[in-house]
Amino acid sequence: MATDASPQLRSVPPPSDFHPEISLSQSPTHDGLHFWQFMIAGSIAGTVEHMAMFPLDTLKTRMQALGASCSVQPVSVRQALGSILKLEGPPGLYRGIAAMGLGAGPAHAVYFSVYELSKQVLSRGDPNNSMVHAASGVVATVTSDAVFTPMDMVKQRLQLKNSPYKGVAECVRRVVMEEGIGAFYASYRTTVIMNAPFTAVHFATYEAAKRELMEVSPDTANDERLVIHATAGAGAGALAAALTTPLDVVKTQLQCQGVCGCDKFSSSSIGNVIETIVKKDGYRGLMRGWIPRTLFHAPAAAICWSTYEASKSFFQQLNGR
């Protein structure tokens with residue numbers, strides 16, 4: 001009997017689609033994509049978005065940092081741009097872009113993959129629920145900000161006029177030696193408090209606008225769908241950016257404190273920073289940089305969402321959907 005049983009056991013072949021090296025990988029989630037594919041799509045989208053719009057981000061940082069002891073005079077976008085081009089040339093608009101490159105890819109990989117996972121878990125069969133989109137966006141931003149905040153701080157310090165740092169490595173080394181690891185996260189609480197409503201407004205507006213535009217033209221080709229994603233993303237990005245500018249000013253103040261003559265705060269309290277800004281610059285100081293911030297986020301969101309959806313479409317075709 002033993003001699004008969006052994007061939008019978010060996011005669012059962014493994015399934016044709018069985019691959020031991022990936023047997024523990026996740027099955028496709030909604031949209032027919034794996035978790036890692038959402039991560040790659042998000043990483044590509046975030047990197048393209050931030051690299052393309054980096055000069056506007058530099059203008060915003062310069063205008064917001066000027067609200068500290070560096071100056072209290074109102075500075076327009078044209079004045080800020082003219083000053084940079086005159087004194088530093090076009091390369092001045094790109095100081096700190098290496099830090100952005102190091103932070104944007106990993107942070108957006110986390111951002112979009114957590115968003116998609118949260119949306120799948122929370123939707124419970126209702127993919128059009130705006131509250132689910134908003135809540136998923138908040139979960140995603142809290143997670144991704146933990147990844148991005150340190151490099152964002154380095155980026156903003158490098159963007160300052162007459163920055164004392166020559167590059168990313170020197171900035172990181174000096175901050176660790178002079179201020180400690182905690183300095184990289186001095187603005188984390190403010191960033192989360194800012195980005196939570198920003199992301200809630202952004203994702204809810206984007207999903208709603210995309211749905212409405214799709215209903216207007218349901219039989220659209222892929223190229224036209226990208227226009228819809230870009231349009232919905234631009235509107236959502238602009239609205240969310242304008243509404244959260246005051247907290248973005250606070251974040252910039254905290255990340256640039258003590259550098260290039262900017263104020264040094266005794267604590268990372270949001271109320272303390274707001275009080276200092278209002279005392280020195282009035283309530284208008286809380287809206288410094290809102291124009292370049294909005295100009296940044298409208299096209300940036302359009303670029304990000306269209307790139308993200310295009311990457312998802314590529315993976316869907318690769319998966320045979």
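In the predicted model, helix H2 passes helix H5 in a right-handed crossing. The two helices pack with their axes 7 Å apart and at an angle of about 140°. H2 and H5 are therefore oblique to each other, since an angle counts as roughly antiparallel when it is over 145 degrees.

The contact draws on residues along both helices. On the H2 side, the residues that meet H5 include Phe-35, Phe-38, Met-39, Gly-42, Ala-45 and Gly-46, together with Glu-49, His-50 and Met-51. On the H5 side, the residues in contact include Ile-97, Met-100, Gly-101, Ala-104, Gly-105, His-108 and Phe-112, along with Glu-116 and Leu-117. Sorted by class, the contact of H2 with H5 has 11 nonpolar, 9 polar and 2 charged residues.

These helices belong to a chain that contains 12 helices and 0 strands. From the N terminus on, the order of elements is α-α-α-α-α-α-α-α-α-α-α-α. Of the 321 residues in the protein chain, 47% are buried. Among contacts between residues at least 6 apart in sequence, 78% join residues at least 24 apart.

Aromatic ring pairs were also examined, and the count comes to 9. In one of them, the rings of Trp-36 and Phe-315 have centres 5.8 Å apart and planes at 75°, so the pair is edge-to-face, the cut-off for this class being over 60 degrees. Trp-36 lies in H2 (residues 35-52) and Phe-315 in helix H12 (residues 290-318), so the pair ties together parts that are 279 residues apart in sequence. Trp-36 has 45% relative accessibility and counts as partly exposed, whereas Phe-315, at 6% relative accessibility, counts as buried.

Phe-112 and Trp-305 form an aromatic pair that is likewise edge-to-face, with 5.4 Å from centre to centre and 90° between the planes. This pair also links distant parts of the chain: Phe-112 is in H5 (residues 97-123) and Trp-305 is in H12, 193 residues apart. Both Phe-112 and Trp-305 are buried. The two residues are part of a cluster in which ring pairs link Tyr-111, Phe-112, Tyr-206, Trp-305 and Tyr-308.

Technical notes: Residues numbered from 1 in each chain as written. Predicted model: local features only at pLDDT ≥ 70, side-chain atom pairs only at ≥ 80, totals over all residues. Heavy atoms only, no water. Phe/Tyr/Trp six-rings, centres within 6.5 Å; stacked < 30°, edge-to-face > 60°. Helix = DSSP H or I, 4+ residues; strand = E, 2+ residues; numbered from the N terminus. Buried < 20%, exposed > 50% of the residue type's maximum accessible area, 1.4 Å probe, protein only. Axes fitted to C-alpha atoms, helices over the stretch in contact; angles between N-to-C directions. Parallel < 35°, antiparallel > 145°, perpendicular 65-115°, else oblique. Left-handed = near helix turned anticlockwise from the far one by under 90°. Contact = heavy atoms within 4.5 Å. Nonpolar A, V, L, I, M, F, W, Y, C, P; charged D, E, K, R; others polar.
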